[in-house]
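Here are my notes on the model. Please read them with the structure open.

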Amino acid sequence: MRKKIVAGNWKMNNDLAETELFLEELKKQVFPENVVIMIAPAFTNLNHAFNSLRQHPAEVIAQNMHQSNEGAFTGEISAKMLKSVGANTVILGHSERRAYFNEDGAILSEKVNTALENEMTAIFCVGEELKDRKNGTHFQLIKTQLSEGLFHISNDAWENIIIAYEPVWAIGTGETASPEQAQEMHKFIRKTIAENYSNKIAENVSILYGGSVKPDNASEIFGQPDVDGGLIGGASLQVESFMKIANSF
Ligand code: PEP
């Protein structure tokens, strides 16, 4: 069943004390009942956040993980490690990982496999750059990203997949895709999944929009029929703006 989801991607922000302050404030909030709220703190604060939110509905998730289950990968974090500190969901293929850490389709498909093998949910990110949209190749590019990273998984595995459409030109820029542009791409993603799997699978997958979502534009974007919520960067760092977005359905 398709869920409404608002997930905060904190990126490399908030040390332990800042995380603690955020969580204390978050715990005072009334959570909307029909929306799954997720926060993705830095690796170093996952365990603290998980323990702090034990009695609260927000889920603590990870921003990334390595594709191998263990081994000589200095500085990396495995699925097992994430699960051991309470993170059962992981963001994979964020455009910053693709751009700055050379994560391509082959690596991402391995990461997806590792997440699924470890019974984790993956939030799989796709998104085009401005040049792709300008030269009209954005639909093809998204199709390629989906096909390289995801379209090898089994029908059943889709239960553990969430997609985030994040146009790179809208991330952290203050530039948002219009609600119509978001809807057009989300509908295309759903159609592409239906063509490769089935209508049922396509209808059941949650597709989040990400890219400068703020309290004042969230409801228009979330009001689109194929938009099931948002992956939120900057505006997830303050409880007030994050909760306003979570209450924008
Ligand atoms: C993101 O990093 O996933 C994101 C959407 O960032 P922002 O909301 O700041 O554009």
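1. Start with glutamate 119. This residue is exposed, with a relative accessible area of 64%. Exposed means over 50% relative accessible area, buried under 20%, and partly exposed in between (1.4 Å probe, protein chains only). Glutamate 119 lies in the loop between helix H5 (105–117) and strand S5 (121–126). Its phi is positive, near 55°, and the residue is not a glycine.

2. Some ground rules. This is a predicted model: local features need pLDDT of at least 70, side-chain atom pairs count only at pLDDT 80 or more, and totals for chains, interfaces and linings use all residues. Residues are numbered from 1 along each chain as its sequence is written, and side-chain values use heavy atoms, with hydrogens and water left out. Helices (H or I, at least four residues) and strands (E, at least two) are DSSP runs, numbered from the N terminus.

3. Now lysine 11. Its phi is positive too, about 50°, and lysine 11 is not a glycine. Look for it in the loop between strand S1 (4–9) and H1. Lysine 11 is partly exposed, with a relative accessible area of 21%.

4. Next, the start of H1. Here a side-chain oxygen of aspartate 15 comes to within 3.2 Å of the backbone nitrogen of alanine 17.

5. Which residues of helix H1 (residues 16–26) are buried? They are Thr19, Phe22, Leu23 and Leu26. These four cover an arc of only 95° around the axis, so they sit on the same side of H1. The arc is that of the directions from the helix axis to the C-beta atoms.

6. What do the buried residues of H1 pack against? Their partners are strand S2 (35–40), helix H2 (46–52) and helix H11 (239–246). Contact here means heavy atoms within 4.5 Å.

How values were computed:
A polar contact is a pair of N or O atoms within 3.5 Å; within protein, one must be able to donate a hydrogen and the other to accept it, and residues adjacent in sequence count only if both atoms are side-chain atoms.
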